[in-house]
Amino acid sequence: MAPVDVIVDKFASLWRISAVRQNFPCLFLAISLVGSVLKELELIPRTYFSDSKNFLNVYFVKISWGWTLLLLTPFLLLSNSSMNRNVSFLCRRLLSLVVATAFWYVCTETFFYIEDVTGACFDSDALDVINQEFTYKASCRNAGFHWRGYDISGHSFILTYSALFIVEETSPMNSLKTATMSMLPRVVLGVLYVSLNTLVIIWIWMFACTSIYFHDPSHKLLGTLCAVLGWYVTYRVWYLKPLSPGLPPQRQPKEQKQRA
């Protein structure tokens with residue numbers, strides 16, 4: 001068995017555990033709460049990851065949605081077409097990427113708007129003198145001043161939402177392990193699956209760093225709750241309905257046995 005296949009089996013076995021899948025959203029809420037307490041009590045010393053210019057934050061987190069779509073789009077196409085080649089089905093499933101991207105865009109723009117309308121521009125980081133000339137965060141910061149508003153954590157939101165989205169859309173891998181596929185698609189799927197799970201690990205780690213080192217508690221918790229709510233409304237409510245992108249396909253045990 002190739003090394004990639006071994007890693008695929010390990011990840012697939014992990015996500016087959018119902019308790020892991022069911023409690024995965026709660027993991028982010030727990031990390032956010034515990035991390036916020038540790039930050040407020042200043043119990044964790046500063047590290048490389050407390051600097052926002054660390055490698056993972058600059059090259060992964062700041063473009064996290066791009067990484068998620070870059071790897072998840074080909075995986076979704078390959079995995080879904082391996083189980084159902086119907087064009088309308090594939091187009092409908094691809095809509096899940098559009099829905100998720102639209103939700104990400106609306107939420108992040110809303111967060112920016114809230115920070116603008118609740119904030120003010122200050123001459124220094126002491127926040128003691130308000131500069132009345134600038135009424136928007138972008139113009140204030142571009143002028144070299146400091147903006148303070150209600151800053152819902154975009155990092156907490158996007159890292160939570162990306163991880164939940166990836167786990168949902170990679171669930172067909174458990175069924176595809178027994179599917180009849182040629183070598184190249186199977187290898188590509190395996191590499192994509194491992195890469196996506198690696199992303200999930202990075203997102204969890206960076207989410208923990210955000211919880212411990214950055215933002216106020218309510219900012220982080222609200223960002224996390226928005227992500228969990230978006231995931232729940234789509235994958236646990238809307239996608240169960242006929243007029244929706246639908247859930248990722250799963251081969252039934254009887255069908256798996258017949259194809260084995």
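# A tour of the predicted model

Select helix α9, residues 183-213. Helix α9 has 31 residues and spans 45 Å from first to last C-alpha, close to the 45 Å expected at 1.5 Å a residue. The expected span is 1.5 Å times one less than the number of residues. Helices here are DSSP runs of H or I with at least four residues, strands are runs of E with at least two, and both are numbered from the N terminus.

Before moving on, note that this is a predicted model, in which local features need pLDDT of at least 70 and side-chain atom pairs count only at pLDDT 80 or more, while totals for chains, interfaces and linings use all residues. Residues are numbered from 1 along each chain as its sequence is written, and side-chain values use heavy atoms, with hydrogens and water left out.

**The end of α9**

Step just past α9 to His-215, which has a positive phi of about 65°. His-215 sits in the loop that joins α9 to α10, and it is a residue other than glycine with a positive phi. Its relative accessibility is 23%, so it counts as partly exposed. On this scale, buried means under 20% relative accessible area, exposed means over 50%, and partly exposed lies in between, using a 1.4 Å probe and protein chains only.

**The whole chain**

Zoom out to show the whole protein chain. It contains eleven helices and two strands. Starting at the N terminus, the order is α-α-α-α-α-β-α-β-α-α-α-α-α. Along the principal axes, the C-alpha atoms fill a box of roughly 75 × 40 × 30 Å.

Colour the chain by burial: 41% of its 260 residues count as buried. The accessible surface is about 13,900 Å², and carbon and sulfur atoms hold 66% of it. These areas come from the Shrake-Rupley method with a 1.4 Å probe; for residues, only the protein chains shown count as cover.

Next, colour by charge. There are 22 positive and 17 negative side chains, and the centres of the two sets are 19 Å apart. Lys and Arg count as positive and Asp and Glu as negative, with His and the chain ends not counted. Each charge is placed at NZ of Lys, CZ of Arg, CG of Asp or CD of Glu.

How much of the contact total comes from residues 24 or more positions apart? Among contacts with a separation of 6 or more, such pairs make up 77%. A contact means heavy atoms within 4.5 Å.

**Helix α2**

Select residues 18-41, which form helix α2. This helix has 24 residues and reaches 35 Å between its first and last C-alpha, close to the 34 Å expected. At Phe-24, shortly before the proline Pro-25, α2 has a kink of about 50°. The bend at a residue is the angle between axes fitted to the seven residues ending there and the seven starting there.

Show the side chains of the buried residues of α2: Phe-24, Pro-25, Phe-28, Ile-31, Ser-32, Gly-35 and Ser-36. They pack against α1 (3-16), α7 (154-169), α9 (183-213) and α10 (217-237).

Val-37 also belongs to α2. Is Val-37 buried or partly exposed? It counts as partly exposed, at 46% relative accessibility. Draw a distance from Val-37 to Val-191: the two are 154 residues apart in sequence, and their C-alpha atoms are 38 Å apart.

Just after α2 comes Glu-42, with a positive phi of about 55°. Glu-42 lies in the loop leading from α2 to α3 (55-59). Glu-42 is exposed, with a relative accessible area of 69%.

**Three further stops**

Go to Ser-64 in helix α4, residues 64-81. Ser-64 is buried, at 2% relative accessible area. Apart from residues up to four places away in sequence, Ser-64 touches Ile-158 and Trp-203.

Select Cys-91 in helix α5, residues 87-117. Cys-91 is partly exposed, with a relative accessible area of 45%.

End at Ser-171, in the loop between α7 and α8 (173-176). Ser-171 is buried, with a relative accessible area of 10%. Which residues does Ser-171 contact, leaving aside neighbours within four places in sequence? They are Arg-21, Pro-248 and Gln-250. From Ser-171 to Gln-250 is 79 residues in sequence and 7.8 Å in space, C-alpha to C-alpha.
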